[in-house]
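Me: I have a model open and would like to learn how to read it. Can we go through it feature by feature?

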Amino acid sequence: MNPNYQKMLKQVQKMQADMAKAQAELANEVVEASAGGGMVTARVSGDLVVQSIKIDPAAIDPEDAEMLEDLVLAATNEALRMAQELAQKRLGGLTAGIDLGGLGLPGLGL
């Protein structure tokens with residue numbers, strides 16, 4: 001087996017293990033976003049699972065359900081965006097500095 005191939009294979013295996021560990025850790029990290037000046041708050045884990053939605057009772061107006069729906073959407077979408085950004089930071093750095101010789105491996109973004 002070519003020594004360069006063995007080195008590359010070890011790099012890929014280490015990267016896969018590091019990515020699996022980082023993904024598991026993301027499940028334990030939570031970001032929070034709010035809308036309407038804190039009337040609605042959404043918490044999302046780093047693996048993009050909505051953990052909770054909190055609604056201030058003052059935001060509940062039976063005459064304007066659409067406003068509350070908009071606040072829930074805004075808070076949830078912002079929390080999801082923040083969680084995706086967190087995942088990108090954690091996982092994106094794992095492939096830095098690894099030379100795979102331009103293999104273009106599918107699924108690894110290389």
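Predicted model: local features only at pLDDT ≥ 70, side-chain atom pairs only at ≥ 80, totals over all residues.

Me: Which residues of helix 1 are buried?

Reply: Buried means under 20% relative accessible area. In helix 1 that goes for Met8, Val12, Met15, Met19, Ala22 and Leu26. Their cover includes strand 2 (40-45) and helix 2 (65-92).

Me: How do I read a nonpolar core, and which residues touch the most other members here?

Reply: In soluble globular proteins, nonpolar side chains tend to be buried together. Here the largest nonpolar core has 19 residues, and Leu26, Val31, Val40, Val44, Ala75, Ala79 and Leu91 touch the most other members. At least two residues of this core come from each of helix 1, strand 1 (30-35), strand 2 and helix 2. Helix 2 gives the largest share, eight residues.

Me: What does Ala79 touch, leaving out residues up to four places away in sequence?

Reply: Ala79 touches Val31, Ala33, Ala42 and Val44.

Me: What about backbone angles: where is Leu48 found, and what is its phi?

Reply: Most residues other than glycine have a negative phi. Leu48 has a positive one, near 65 degrees. You'll find Leu48 in the loop between strand 2 and strand 3 (50-55).

Key:
Residues numbered from 1 in each chain as written. Heavy atoms only, no water. Buried < 20%, exposed > 50% of the residue type's maximum accessible area, 1.4 Å probe, protein only. Helix = DSSP H or I, 4+ residues; strand = E, 2+ residues; numbered from the N terminus. Contact = heavy atoms within 4.5 Å. Core = buried A, V, L, I, M, F, W, Y, C linked by side-chain atoms within 4.5 Å.
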